[in-house]
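The sequence and the model come first.

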Amino acid sequence: MNKTNLRGAMLALMLGTASVAGIANAQVTTRPWADPKLSADQRADLLVKAMTQDEKLTLVYGYFGSPQTQPKFHPPAEARMGSAGYVPGIARLGLPPQWETDAGVGVATQRDSTDPYRERTSLPSGIATAATWNPDLAHKGGAMIGSEARDSGFNVMLAGGVNLLREPRNGRNFEYAGEDPLLAGTMVGAQIAGIQSNHIISTVKHYAFNNQETGRMVLSANIADDQARMSDLLAFEFAIEHADPGSVMCAYNRINGVYACENDYLLNQVLKTDWAYKGYVMSDWGGVHSTVDAANHGLDQESAGESFDKQKFFEGPLKAAVAAGQVPQARLDDMARRIVRAMVAHGVVDHPVTIKPIDFTANAKVTQADAEEAIVLLKNDKALLPLAKTAKKIAVIGSHADVGVMAGGGSSTVTPVGGNAVSGLGPKGFPGPIVYHPSSPLKAIQARNPGAQVRYADGTDPAAAAKLAADSDLVVVFAHQWAAEALDASLTLTDGQDALIAAVAAANPKTVVVLETGGPVLMPWLDKVGAVLEAWYPGTRGGEAIARVLYGEVDASGRLPATFPASLDQLPYPKLPGQDVAKDTRFEVDYAEGAAVGYKWYDLKGHTPLFPFGHGLSYTSFAYGGLTAQARNGTVTVSFQVKNIGARAGKAVPQVYVGPQIATGAGGWEAPRRLAGWKKLALAPGASQTVTLTVDPRLLATFDSKTKTWIVAPGDYQVSLGASSRDLKAQVPVTVAARTLPVSYDGK
Ligand code: GLC
């Protein structure tokens, strides 16, 4: 290029840059809220100031994203057809629409949709990711599904299910993260942060005490404030502190008699005042029951009211309520402000989503890594696992293991890449059908045993299965428990699977059981089988993940995020509340256990569970030592070492529990011990690692409702180091000074 041209090119470039800068400056002057140098608060204030009343009202109502026949409804054309929701944008102000997709394991579309983004990558279930006890994996998984949401044109992901596993029969336990507030809040918080790293909003849900599906729309969960704050609300608090989710989704049920989505205590007092939450509250789909109460008590956005509420409450009636002064104008301004503040804060405005191709191969690696670390080795007699590759005849039985792995049902179900591996199973309508991801454990086992005869029986005929088992060197029997939204599940395996397992084990003691369940199940055949793996719903690459653990290509490193009961008698409610109540008839669930959820209940009552919280075997062995605990101005720091004393690499999950030395339950403690920290350690043979962690002082405190403070009583506490909540390796006392923390304390 000669000098003249060069000069011309430079001039053009400068003018071009000038014009781009000019536009940007012009934009900032005409749209001051677009200035990225301003804070999200400042930009939200400027946006709301610029809005008309109707624009504010546009933001607070979202439509279902799927055509409905009953009531008849078709979403606006701009919606992503077949999706969960759509809120129109405000082009005049540069605000994009809010395109909403479910949920916590990937982009889930409504069953009947033929939308272009139907098949997507599925993580293993939420409880599986919790079973990894690995927040980094949870973050990676969230980042992956958030990228698929973004590349599918969504900027709001309805993820972050964190309801505590109080009721092991809850049909949605698979979507959540187990029974402990610290584990659940930390793991779900990590996933939410991963999702939001894609410049999209994630929810945390279902706020709060949506702990069973039976009667979810009508029941009242009744619990005292202090017990609430030390259990389910603490899980939400930890998740919000970890990830600052753009939105909180309020639940269907009532809490102490008041619906969650119009509950002033939950929304205005706890969430928005005590925790100073700056995001917005969206309703669950069908969770709104009023206009004035819902708006004044803290709801900011009604979801899909035209399809799921008795009427639309925030489109139409809200405008009139504001005009009549029943809902203050300032409240409507605050609703709009919270929504746009979240959109600005999480990059939805500055990084508009566009539909892009997805790298399913790369994403499959992410979900597989999660699934592998989620698998819990519950039992392993005579080191039956890892499977030897010397077996000449291997029987693989049951649960469609020849073609795939089970997924949980309902709004969170991702349509598999490659389609459903088993069609025609389960309910035709919602929350069905039963979905299997096309990742065959049988094929993965065959691939590892090219010289062996690997035969499959579907398990529908126990006698035939037993015959095959008798004629095999090794047996791997797969058993499932399908759990789904809107239903509660039995802890007893369905479809005669207990009899199948018993028959197979009687025919061949070298039987491995692989469970694909949504949560805890009973195991009447446990002492008859050689080994048991809990694989949960292992997602898109579940078959491969199961085989890698079966053959020891990776250590079994999952640990239970929930207690497995030995019998229903051990539960706070042996009979599921509301079981015999007529549909849509209100009933009360008095949470007598209060904050003593899961292992805390078992410790308080002295029950011996089938498998305790935190349990999980490894293919190697670990030694634990050097436990020390120091207290300095109310904060306890714990340190210890873990060494791999076995012959192969493995992953340990040492857990720290704390409790008062004083008698159980005294001083307001709900139970002898609480999980106070953990670390997942990958250790080569002979390697050791020192871990130091600090205990959040709220875990040493009880909540005092009168003063709304966390109170750490002075005195001696017990610090325990365990391989589970029951397998305690070392204990040291520590003396802690009195400390009082404000309700606004956020762990920093
Ligand atoms: C469902 C669920 C909620 C989901 C929403 C949209 O009923 O309760 O988790 O995000 O509706 O599908």
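## Helix packing

A crossing is called left-handed if the near helix is turned anticlockwise from the far one by less than a right angle, and right-handed if the turn is clockwise. Helices (H or I, at least four residues) and strands (E, at least two) are DSSP runs, numbered from the N terminus. Axes are lines fitted to C-alpha atoms, for helices over the stretch in contact, and angles between N-to-C directions run from 0 to 180 degrees. The model is predicted: local features need pLDDT of at least 70, side-chain atom pairs count only at pLDDT 80 or more, and totals for chains, interfaces and linings use all residues. Residues are numbered from 1 along each chain as its sequence is written, and side-chain values use heavy atoms, with hydrogens and water left out.

Helix α5 (residues 135-151) packs against helix α14 (residues 360-374) at about 150°, and their axes are 10 Å apart. The crossing of α5 and α14 is left-handed. For helix α2 (residues 40-50) and helix α13 (residues 329-345), the angle is about 130° and the axes are 8 Å apart. Helices α2 and α13 are therefore oblique to each other, and their crossing is right-handed.

## Ligand site

The residues around the ligand (a heavy atom within 4 Å) are Asp102, Leu158, Arg172, Lys205, His206, Arg216, Met249, Tyr252, Asp284, Trp285, Ser411 and Glu485. This shell divides into four nonpolar, two polar and six charged residues. Here Ala, Val, Leu, Ile, Met, Phe, Trp, Tyr, Cys and Pro count as nonpolar, Asp, Glu, Lys and Arg as charged, and the others, Gly among them, as polar.

A polar side-chain atom of Asp102 is 2.5 Å from an oxygen atom of the ligand. For Lys205, a polar side-chain atom lies 2.8 Å from a ligand oxygen, and a side-chain N or O atom of Glu485 is 2.8 Å from an oxygen atom of the ligand. The protein covers 95% of the 310 Å² of accessible area (Shrake-Rupley method, 1.4 Å probe) that the ligand has on its own.

## Backbone details

Most residues other than glycine have a negative phi, and most peptide bonds are trans. Lys205 and His206 are joined by a cis peptide bond with omega of about -10°; His206 is in strand β6 (residues 201-207).

Another cis bond runs from Leu385 to Pro386, with omega near -5°. Pro386 lies in the loop between β13 (376-380) and β14 (393-397). Ser399, in the loop between β14 and β15 (405-406), has a positive phi near 45°.

Conventions. A polar contact is a pair of N or O atoms within 3.5 Å; within protein, one must be able to donate a hydrogen and the other to accept it, and residues adjacent in sequence count only if both atoms are side-chain atoms. Angles under 35 degrees count as roughly parallel, over 145 as roughly antiparallel, 65 to 115 as roughly perpendicular and the rest as oblique.
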